[in-house]
Amino acid sequence: MTATLDCTITRLSDHTGAEVRGVDLSRPVDDTLRARLNQAFSQHSVLVVRDQHLSPQQVLAAVQLFGEVFPQQDKKFSLPECPLIHYVSNQDSYPDGTRYIPGAGYHTDHSNAVAPPKATVLHAVKLPDRGGDTQYVNMHRAYEDLPEAMRHRIDGLRAIHVYQSRYSTRKLMTLSEENRKAVPDAVLHPLVRTHPETGRKAIYLNPIRIEGIEGMPEAEALLLLDELLEHARQPRFEYRHQWRPGDLVMWDNRCLLHKANGDYDMTQVRYLYRIMLKGDVPV
Ligand code: SIN
């Protein structure tokens with residue numbers, strides 16, 4: 001049986017997120033439904049597809065309705081049975097033994113790539129009883145709400161993105177020598193990028209990876225980046241996703257920041273499948 005157009009798509013906030021019900025992504029999806037889901041993704045930036053119970057191979061097939069798979073920089077978290085799918089888990093530790101919460105702290109994924117992933121998908125496998133939400137910030141809204149003088153100031157600036165900014169408060173796992181070779185040392189991306197599908201502008205920030213702004217003294221650049229982040233973090237730009245069993249959530253890295261919350265009982269397992277989709281060079 002093919003998934004049909006009988007699905008419903010309902011907004012989750014006035015600016016970000018839509019809930020999709022009535023689709024079974026383990027079944028083939030026809031072109032009309034595929035176009036509708038892609039259109040909803042461009043419009044709402046976060047799609048929450050409810051009630052999916054997918055194997056890694058089924059997640060891999062489903063996400064290709066939206067684009068091509070982007071290879072992960074750190075292969076350490078690959079699933080052996082399906083290496084293009086990675087996992088997010090609260091059961092891993094840094095080499096010094098402290099717990100590693102992947103995705104804590106606002107960021108956009110892999111912005112140190114020349115063409116960063118347009119989207120990231122998580123599928124819940126095991127969730128804590130409460131907490132562990134994923135927070136999103138709508139960077140279109142944050143940009144549009146800036147004073148005109150600030151928009152004028154940042155339009156045309158380019159930020160320097162590296163694997164791990166020396167100013168980041170969150171530490172990433174160190175890449176193996178082999179994985180590090182595949183990652184550029186630094187790339188420049190516009191601080192204000194234009195969404196390739198909607199034409200809307202967004203602030204393109206990443207506190208974990210941005211190390212400076214091209215041609216700007218370091219102290220001035222850090223102040224500006226902090227000011228933009230403080231502005232963007234205001235609750236009115238946020239959509240906070242409370243996970244439910246069966247959720248498959250896909251978000252748009254071109255116009256959102258996101259972060260994981262490690263605010264739950266760590267004796268409970270939080271485990272999700274994760275995969276990203278290729279994007280364009282930001283302009
Ligand atoms: C991520 O940043 O990819 C993980 C987000 C989450 O676990 O909520």
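View 1. Strands here are DSSP runs of E, at least two residues long, and helices are runs of H or I with at least four residues, both numbered from the N terminus. Two strands count as paired if DSSP finds at least two bridges between them. Look for Arg 11, which sits opposite Ala 18 in β2. Six residues lie between the two strands of the hairpin, and Gly 17 in the turn has a positive phi of about 100 degrees. A note on the model: it is predicted, so local features need pLDDT of at least 70 and side-chain atom pairs count only at pLDDT 80 or more, while totals for chains, interfaces and linings use all residues. Residues are numbered from 1 along each chain as its sequence is written, and side-chain values use heavy atoms, with hydrogens and water left out.

View 2. The bridge partner of Ala 18 in β3 is Leu 47. So is Leu 47 buried or exposed? Leu 47 is buried, with a relative accessible area of 1%; buried means under 20% relative accessible area, exposed means over 50%, and partly exposed is in between (1.4 Å probe, protein chains only). Leaving aside residues up to four places away in sequence, Leu 47 touches Ala 18, Val 20, Leu 37, Ala 40, Phe 41, Phe 66, Leu 248, Val 249 and Met 250, where contact means heavy atoms within 4.5 Å. Glu 19 is 28 residues away from Leu 47 along the chain, yet their C-alpha atoms are separated by 6.0 Å.

View 3. α1 (residues 31-44) has 14 residues, and its first and last C-alpha atoms are 20 Å apart, close to the 20 Å expected at 1.5 Å a residue. That expected span is 1.5 Å times one less than the number of residues. Which residues of α1 are buried? They are Leu 33, Leu 37, Ala 40, Phe 41, Ser 42 and His 44. These buried residues pack against β1, β2, β3, β7 and β15 (248-252).

**View 4. Helix α2 keeps its buried residues on one side.** In α2 (residues 56-63), the buried residues are Pro 56, Val 59, Leu 60, Ala 62 and Val 63. They cover an arc of only 165 degrees around the axis, which puts them on the same side of α2; the arc is that of the directions from the helix axis to the C-beta atoms. Their cover includes β4 (69-70), β5 (78-79), β6 (82-89), β7 (119-126) and β17 (271-277).

View 5. α6 (residues 218-232) has 15 residues and reaches 21 Å from first C-alpha to last, close to the expected 21 Å. Its buried residues are Ala 221, Leu 224, Leu 225, Leu 228, Leu 229, His 231 and Ala 232. They span an arc of only 160 degrees around the axis, so they end up on the same side of α6. An α-helix has 3.6 residues a turn, so residues three or four places apart point the same way. Over on the other side of α6, Ala 219, Leu 223 and Glu 230 are exposed. The buried residues of α6 pack against β8 (134-138), α3 (139-144), α4 (148-154), β12 (201-203), β13 (210-213) and β16 (256-260).

**View 6. An open three-stranded sheet is ordered β14-β8-β16.** The pairing in this sheet is antiparallel. Its edge strands, β14 (238-241) and β16, each pair on one side only. Neighbouring strands are turned by 20 degrees against each other on average, direction ignored; the axes are lines fitted to C-alpha atoms, for helices over the stretch in contact, and angles run from 0 to 180 degrees between N-to-C directions. Five bridges join β8 to β16, and Val 137 stands opposite Leu 257 in β16.

**View 7. A second open three-stranded sheet is ordered β10-β9-β13.** Here too the pairing is antiparallel. β10 (187-190) and β13 stand at the edges with a single partner strand each, so one side of each has no neighbour in the sheet. On average, neighbouring strands of this sheet are turned by 35 degrees against each other, direction ignored. Four bridges join β9 (residues 158-161) to β10, and His 161 has Val 187 in β10 as its bridge partner.
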